[in-house]
Amino acid sequence: QVHLVESGGASVRSGGSLTLSCTHSGLSDIAGGDITDWYLGWYRQVPGKEREKIACIFTYSGSAYYARSVEGRFTLSQDIDNNMVSLRMNGLKPDDTGVYYCVADTRFGEIWINERPEYWGQGTQVTVSS
């Protein structure tokens, strides 16, 4: 069973920085799911708005993909040995406020194109004040 646990959410001022972490387990238990054959990423949800993809990383290569709204400000990295991915967020804006969810899927099309990742964490709140 896949578990994704987020941490690091907080309240910060505009222009500030924050790092979110996601600790994962169970990925290698999925049939055919080599630990290096997964896409892990982050989505953001604001009340009243549709959830928004933020970034994802391919565990095999470390290649990362970013939404235009965060490209150049956010950096997604992975620590395979500790089963963790981290999202470093710089230059935060009030529009970055929301609940950030760690997500996982073995299919790039689902996690990034169709925006329907299979596995979700419980979320962590990020609030950016002006």
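1. The side chain of Thr-124 places a polar atom 3.1 Å from the backbone nitrogen of Gly-9. A polar contact here is a pair of N or O atoms within 3.5 Å; within protein, one must be able to donate a hydrogen and the other to accept it, and residues adjacent in sequence count only if both atoms are side-chain atoms. This is a predicted model: local features need pLDDT of at least 70, side-chain atom pairs count only at pLDDT 80 or more, and totals for chains, interfaces and linings use all residues. Residues are numbered from 1 along each chain as its sequence is written, and side-chain values use heavy atoms, with hydrogens and water left out.

2. Thr-124 belongs to strand S11 (residues 124–129); strands are DSSP runs of E, at least two residues, numbered from the N terminus. With 11% relative accessibility, Thr-124 is buried (under 20% relative accessible area, 1.4 Å probe, protein chains only). Beyond its neighbours within four places in sequence, its contacts (heavy atoms within 4.5 Å) include Glu-6, Ser-7, Gly-9 and Tyr-100.

3. Four strands form an open sheet in the order S1-S3-S8-S7, paired antiparallel; pairing requires at least two DSSP bridges between two strands. Strand S1 (3–7) and strand S7 (74–79) are the edge strands, each pairing on one side only.

4. S1 and strand S3 (residues 18–25) run antiparallel and are joined by five bridges. Leu-4 stands opposite His-24 in S3.

5. Val-70 lies in the loop between strand S6 (64–66) and S7. Its relative accessible area is 0%, so Val-70 counts as buried.

Terms used. Buried < 20%, exposed > 50% of the residue type's maximum accessible area, 1.4 Å probe, protein only.
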